[in-house]
Amino acid sequence: MNINVRKIFDWNIVDVSQPVPVYSVMPMGNRKLAGYTVALTYRHHGTTSKFFDADSERLWMIYPDGPLGAAREYYEQVLQRMMLQSLKEKTL
């Protein structure tokens, strides 16, 4: 069995998606905004997503747009992290 230890500890982000609205269907067929998701794709560890709940507005009080503002800021932070990772890879 050949285990590549570098892949285990390599959590470089390859792709990130912009905030996507998630809706829940109500009993009468109406849709209600449940929140926003931002999906991250890692090089060796697959895809994960972060959910910003629209119902818990107290968590997002400091953001002007509520959960959408929080999702956008998280997206921007991940983009900056990806840029720093690419700069580190170029220097090595």
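Buried means under 20% relative accessible area, exposed over 50%, and partly exposed in between, with a 1.4 Å probe and protein chains only. This is a predicted model, in which local features need pLDDT of at least 70 and side-chain atom pairs count only at pLDDT 80 or more, while totals for chains, interfaces and linings use all residues. Residues are numbered from 1 along each chain as its sequence is written, and side-chain values use heavy atoms, leaving out hydrogens and water.

Q: Is aspartate 10 buried or exposed?
A: The relative accessible area decides the class, and buried means under 20%. Aspartate 10 has a value of 14%, so the residue counts as buried.

Q: How many salt bridges are there?
A: A salt bridge is a side-chain nitrogen of Lys or Arg within 4 Å of a carboxyl oxygen of Asp or Glu. By this rule the count is four.

Q: How many residues apart in sequence are the parts that arginine 43 and aspartate 10 tie together?
A: The side chains of arginine 43 and aspartate 10 form a salt bridge at 3.5 Å, N to O. Arginine 43 lies in the loop between β3 (31-42) and β4, and aspartate 10 in the loop between α1 (5-8) and β1 (13-16), so the pair ties together parts whose separation in sequence is 33 residues. Helices (H or I, at least four residues) and strands (E, at least two) are DSSP runs, numbered from the N terminus. The value asked for is 33 residues.

Q: Which residues are linked with Arg43 in a network of salt bridges?
A: Arginine 43 also meets glutamate 89 in a salt bridge of 2.9 Å, N to O. This pair links the loop between β3 and β4 with helix α2, 46 residues apart. Arginine 43 is partly exposed at 40% relative accessibility, and glutamate 89 is partly exposed at 39%. The residues linked with Arg43 in the network are Asp10 and Glu89.

Q: Where is lysine 32, the salt-bridge partner of aspartate 55?
A: The side chains of aspartate 55 and lysine 32 meet at 3.5 Å, N to O. Aspartate 55 is in the loop between β4 and α2 (67-91), 23 residues from lysine 32, which sits in strand β3.

Q: Which residues does threonine 48 touch, not counting those up to four places away in sequence?
A: Threonine 48 belongs to strand β4 (residues 46-53) and is partly exposed at 35% relative accessibility. Contact means heavy atoms within 4.5 Å. With that cut-off, threonine 48 touches Val38, Ala39, Leu40 and Tyr42.
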